[in-house]
Amino acid sequence: MRNIVAGILLGLSLLPFQISQAGQIDLQSLLEQMLDRADIAEFPEPEFVCRQASSCNRRSKTPGTADWFAGADFDQFYGCDRRAGRDEWIMLDVDGPGAVTRWWQTQYRGAGTIRIYLDGAEAPIFAGTGDELIGGRAITGPPFAAVCGGGRNLYLPIPFGRHCKITFESPSVESDFTHTSPAFTNHSLFYIINYMQYAEGTPVKTLTRSDLQANEALIARAGRALLHPQDHVLAIDRTIQGGTERLGPGQSMIRSIEGPGAICRLRLRLDAGDMSQALRSTVVSADFDGKQTVWAPFGEFFGSGLGLNPYQTWWRQVEKDGWMTCWWPMPFRESATVRVTNCSTTESVDLAFDDLGIAAWDWTNRTMTFHTAWRGENLKQFVGDDFEHMEAWNYLTLDGRGVYVGDSLSLYNRPRIHWTDGRWIGPWWGEGDEKIWVDGDTFPSHFGTGSEDYFGYAFNHTRPFHAPFHAQPIARGNWGIGHTTNVRVRVHDRIPFKSRLKFDMELFHWQPKRKIDYAATTHWYAFDGAVDNGMVSLERVREKVAQAPDPGLTAAELPAEGPLDPFLGEPNMAMQQVFSGDRFPSVVVATDGTVLAFWNGVIVRRSEDGGRTWGDEIQVGRGFMGGGVTVDENTGDILAFVEASHPPAEISVYRSTDQGKIWRVQDTVIHSDRDDRAPSMHMNEHGITLRHGRYAGRLVRPTRWYAGKNDRALWPQHYTNAIYSDDGGRIWHTSDPFPANGTGEAAVVELSDGRIYYNSRRHWAPEGVNPRRRWTAWSDNGGQTWNDLAICEVLPDGDQVRDYGLMGGLVRLPVRGRDILVFSNIESDNGRHHGTVWASFDGGRTWPIKRLVYEGPFAYSSLNAGRPSTPAEGWIYLLFEGGPAGGGTLARFNLSWLLQGDKTGHGELPGWTAAQATVLP
């Protein structure tokens, strides 16, 4: 075996890769091969083919026909077995020898049983849910099995000698998946399984549970290596000195290597005034033995995309300080050249070139040359307006012999929301399936279920993630306007080809006729003579890179936060009845400034002039108002939560895409909390869109858990919590419980530093703790956990003669750089009256001023604030039960009016409020 591998394996305490036990392929040899960095550059021996099973729609049969782009890529199987009185739907049924190499799947709800049968055994070697087997620890655990962005991913190889069958038993015994156009449910299964097949007679040892136990230490060491790739690289035999240079337009920095070897570490850093443009207009290229085989924009060669987006995989990483590293081995017989060229015609860039690591290499008849190609198209218009009308975009077509090893996608999503369109249409771009033809395929041997599925995540996940073999370094364009980068790299799921490989990706956008900037970078190894259709285009890389909108803008392209001045000026306050009878308020302000007042029923009234006049009542849904109406500032959509009856009860989520005019129920998944308890919506304050820090774009709304139907004896078991969504409100996760029992209705706001302030009603408190004041806590991880529990002694919780609180309103004014909060409740010793508002100027630490709103009947209340540059700007809105005419009353006032109130002695007013004395009586 080649001596160059030793550098990898010394750190692992493993032997160099070899087929164990007289040429036998088994779990041990496959794990060792996975970590042999040199092996990727050698054509496989023994040879294998890589193929794929998936839930793609079976109506897709022939290119050019109406069904070729058929959607509904779920609940599609390869037949059905009847075993022990149950239907087991076949996901994979393949003869060996071979191995399952990469398994991706997702469900809204991870129900149903998956079984893995090897070599015709009657009993499965593994059985469990997808969350347990593919995303959990039932087989192995992280990093080989993990959930990334909603996708379950399994990369532990499962070898089999004669046969492998994988089946799915639906949680519904009445399920019939014989149709080709299935109806989507929350149990629907999407899956992609990659597997390798060796030639007949290749000795492969079928996996057993004892193999997992025997290789437990090896699996653990290999997992650690995959998570720390920088510590497990090819042994560097020599280095080529690096350096730093300022590259003017058209200039290059070149490093040449003479003599045989392999580049095993390429590490670069770029700096420029416009980094996104520089990462596209600066090109990395490489020649091996006199032939250029690498040409790609700097950022896309390293998988960072159009921006500095840190991530790490087994083959590449991007660090926060800008250093980008590639560990793919690049062997050459006699010489190599690496060139970094500033292709801009106007701007200079600063390049740091770390010492180039060269490994010794023994060239064999299986050794191949490394290739990278790039193809891009700006302002690409999507042609389709439904799942049946799409087009294919070619990532790569090449002729020759070699192995395909990875790719990255870099795009800029340009769509705008059509505010007047009654349909729900979102900015999601990634429903298209991959279709890969290898050699003589007449039908793609790789036919996927969606672009995000190919890259290992699901349901347009909007959070960055990274894992050893796939990553999403940036995801701003998944559910809004902005950039997205997806990365996939391969080891055992690499694709050998002997004559030809063609890789197409379907293009489908939820907004028909929308435009997008789309670029794919592909990586492979090939023997001499391979020809590809990669793009070497100075014109294309010089095109102006689209700039993502200011992250401080909402979907209406208006600022989410503005100056303080609009909330000041002449004191102003007005009240008007907007609802009669009933109860349960929630008030929100849409991104265009439309004010929406919600009331039990569930009904809403809209005001397009800042709350001066109101439209007719609009029915949202049928049921019991759940409170917590949430504006998604990323899309402008509004979500209303309705429970069938007093909770706990079935929850429906209604969505409006037109500022509250039309409402449609949507499919929604709300996962239970860590104790498997489902949250209730009723009757918490409105939700929020996070704007600051690493969780920007996340939706958060307060919720609660009922131990029973509001049974007083069970109050000590109740607690509040929150739900949060990273996909625009379709899948919600439930936070850890608020760190105190006996809590009920709650409110949250995000502060300017990205922390979340949580303020909760209290029904019960342990001996010695005041149950008649508000309880607070904080989150610094986007609403997943809560800490720093405290009682706010200045804020009352309902009338003070009983241990029974009252839903209160809470809002942070949308003022840039300031944490001004307003809270509403009653200040009463007996009975629900004397509605009052308090103000905090330090994010809820102190509440130095308060003002009476209405001295008569006043119960539940909800607060919100007007948005900058809209008719609502400068107003604070308070919708409460009670008022002069009863029912639902809306008070509209500014901060100057509140500052006329009484000091509480709880903290000091900031100095700038003194200027208001000129307008206060």
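Predicted model: local features only at pLDDT ≥ 70, side-chain atom pairs only at ≥ 80, totals over all residues.
Where is the place of proline 97? Proline 97 sits in the loop between β3 (86-95) and β4 (98-106), where strands (E, at least two residues) and helices (H or I, at least four) are DSSP runs numbered from the N terminus.

Residues are numbered from 1 along each chain as its sequence is written, and side-chain values use heavy atoms, with hydrogens and water left out.

Most residues other than glycine have a negative phi, and most peptide bonds are trans. Here, the peptide bond from glycine 96 to proline 97 is cis, with omega near 5°. Another cis bond runs from glycine 601 to valine 602, also with omega near 5°. Valine 602 is in the loop between β39 (595-599) and β40 (603-607).

Then there's alanine 72, which has a positive phi of about 55° although it is not a glycine. Look for alanine 72 in the loop between β1 (48-54) and β2 (80-83).

## Two helices side by side

Helix α3 (residues 27-34) packs against helix α6 (residues 216-227) at an angle of about 15°, their axes 11 Å apart. Axes are lines fitted to C-alpha atoms over the stretch in contact, and angles run from 0 to 180 degrees between N-to-C directions. α3 and α6 are therefore roughly parallel to each other (the cut-off is under 35 degrees).

In α3, Leu27, Gln28, Leu31 and Met34 meet Leu218, Ile219 and Leu226 of α6 (contact means heavy atoms within 4.5 Å). Those residues split into 6 nonpolar, 1 polar and no charged; Ala, Val, Leu, Ile, Met, Phe, Trp, Tyr, Cys and Pro count as nonpolar, Asp, Glu, Lys and Arg as charged, and the others, Gly among them, as polar.

The structure holds 8 cavities of 30 Å³ or more. A cavity is a set of points, on a 1 Å grid over the protein atoms alone, where a 1.4 Å probe fits but cannot get out; lining residues have an atom within 4 Å of a point. Grid points are joined across faces, edges and corners, and a volume is the space filled by probe spheres set on the points.

The largest cavity has a volume of about 370 Å³. Of its 21 lining residues, Glu633, Ile688, Arg812, Asn864 and Arg867 are the closest to its centre. The lining of the largest cavity divides into 9 nonpolar, 6 polar and 6 charged residues.

Terms used
1 Å grid on protein atoms, 1.4 Å probe; cavity = no way out; pocket = protein on both sides within 12 Å on 5 of 7 lines; lining within 4 Å. Parallel < 35°, antiparallel > 145°, perpendicular 65-115°, else oblique.
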